[in-house]
Amino acid sequence: MKKLINQIDSVVTEQMEGLVASSPHLQANYVPRYIWCKQKENAVALVSGGGAGHEPLHTGFVGTGMLTGACPGEIFTSPTPDQMIECARTVNNGAGVLFFIKNYTGDILNFETAVEMLHDEGISVGTVIIDDDVAVKDSLYTAGRRGVAGTLFVEKIVGAAALQGYSLEKCEQLGREVNNATRSFGIALSACTVPAAGKPSFELAENEIEFGVGIHGEPGIERCVLQNLNVLVNNIMAQLLDNTPWRRTLRHWDRHAEGWIETSTTNSVFDNNGEYIVLINGLGSTPVSELYGVAKVFMRAAQRQGLTITRQLVGNYCTSLDMAGFSISLLKCTPEFLQFWDAPVNTPALRWGC
């Protein structure tokens, strides 16, 4: 294992220190760990988090027009409730706190604990569960679909809405709508190496890929032979545009009932009506030049399908340490989504219009 680190047990803290040192608008707390920034008064505070190793998700998206705070756990390990509670207390402006939670069992359990304790303190709190990965219906770490790179769409769009004065309830509803209109699918050419393990998390033959990989290296649909990029992207496109009906049941905190309730939704239909945003996302080790190659093939495939791609984003936004591979996320837009997507944002990893 070759890593640019000092001690394995201090990796996350040292990387947090580096992020804050290079981003003057950010502040950090280290016991418990979270990164935050000052936001507009009386705006809903948006907090996310998850295991480290996926940077810039989530800490790189703290800033004006996006997240107010982020809680990094150890690498590929959920943050703890005390991180979420302390972060929420710090960033709460009186308009409430909305948690964005990727659908992994550890994240769900710890965020739910934090929600209940914050409620008991009198802090208004809401939740949005993100489960955009269409590669599987259930997987390691999860009950239901995984939350992956489509998280960026939720955090950006709701971040702009909060800045423009949306209430906690409206931000929560908007976040669920964006999540339901998002689909993601990823592939791996090689595994990542977690520093504590010191070796790749799985093995692939020279001509194999993991088709439908998760961001922790979880298996997807199958291991298959790597074909050329045209064939690979067309196969991914077929998965993204599959309109076979499926229902998801997700829990969220109901402030009026003062408890958890389950809500079922049916997947949004993806078709050639309307506009789409696409994210071509690197998983850590894929050269950006190759991601542009993916973007070129994808745009041609989208044109053949009659899809209108109105916005594109290419780069490393939700990684898996040093995994080689990429994911594609599609968001079917509404005018509201596009308005908030185009709104100014100023974070370490996403910046425009400022």
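Trainee: Where does P32 lie?

Mentor: P32 sits in the loop between β1 (27-30) and β2 (33-36). Strands are DSSP runs of E with at least two residues, helices are runs of H or I with at least four, and both are numbered from the N terminus. The model is predicted, so local features need pLDDT of at least 70 and side-chain atom pairs count only at pLDDT 80 or more, while totals for chains, interfaces and linings use all residues. Residues are numbered from 1 along each chain as its sequence is written, and side-chain values use heavy atoms, with hydrogens and water left out.

Trainee: What kind of peptide bond joins V31 and P32?

Mentor: A cis bond, with omega about -5°. The peptide bond from L57 to H58 is also cis, with omega near -5°. H58 lies in the loop between β3 (45-52) and β4 (69-75). Most peptide bonds are trans.

Trainee: Why does V11 count as buried?

Mentor: Buried means under 20% relative accessible area, exposed means over 50%, and partly exposed is in between (1.4 Å probe, protein chains only). V11 has 7%, so V11 is buried. This residue is found in helix α1 (residues 11-21).

Trainee: Which residues does V11 touch, beyond those up to four places away in sequence?

Mentor: V11 touches I5 and I75. Contact means heavy atoms within 4.5 Å.

Trainee: What is the phi of F76?

Mentor: Near 60°, a positive value in a residue other than glycine. Most residues other than glycine have a negative phi. F76 is in the loop between β4 and α2 (81-91). Its relative accessibility is 15%, so F76 counts as buried.

Trainee: Why is L321 called partly exposed?

Mentor: Because its relative accessibility is 22%, and the partly exposed class runs between the buried and exposed limits. L321 lies in the loop between β13 (308-315) and β14 (324-332). Its phi is positive too, about 55°, although L321 is not a glycine.

Trainee: What makes α6 oblique to α7?

Mentor: The axes of α6 (residues 229-240) and α7 (residues 288-305) come within 9 Å and cross at roughly 55°. That angle makes α6 oblique to α7. Under 35 degrees counts as roughly parallel, over 145 as roughly antiparallel, 65 to 115 as roughly perpendicular, and the rest as oblique. Axes are lines fitted to C-alpha atoms, for helices over the stretch in contact, with angles from 0 to 180 degrees between N-to-C directions.

Trainee: Which residues of α6 and α7 make the contact?

Mentor: Among them are L229, V233 and M237 of α6, and V294, F298 and R304 of α7. The contact residues divide into 9 nonpolar, 4 polar and 1 charged. Ala, Val, Leu, Ile, Met, Phe, Trp, Tyr, Cys and Pro count as nonpolar, Asp, Glu, Lys and Arg as charged, and the others, Gly among them, as polar.

Trainee: How do you know that the radius of gyration agrees with a compact globule?

Mentor: With 354 residues, a compact globule would have a radius near 20 Å; the protein chain has 19 Å, which agrees. The rule is 2.2 Å times the number of residues to the power 0.38, and the radius is taken over C-alpha atoms. Of the 354 residues, 57% count as buried.
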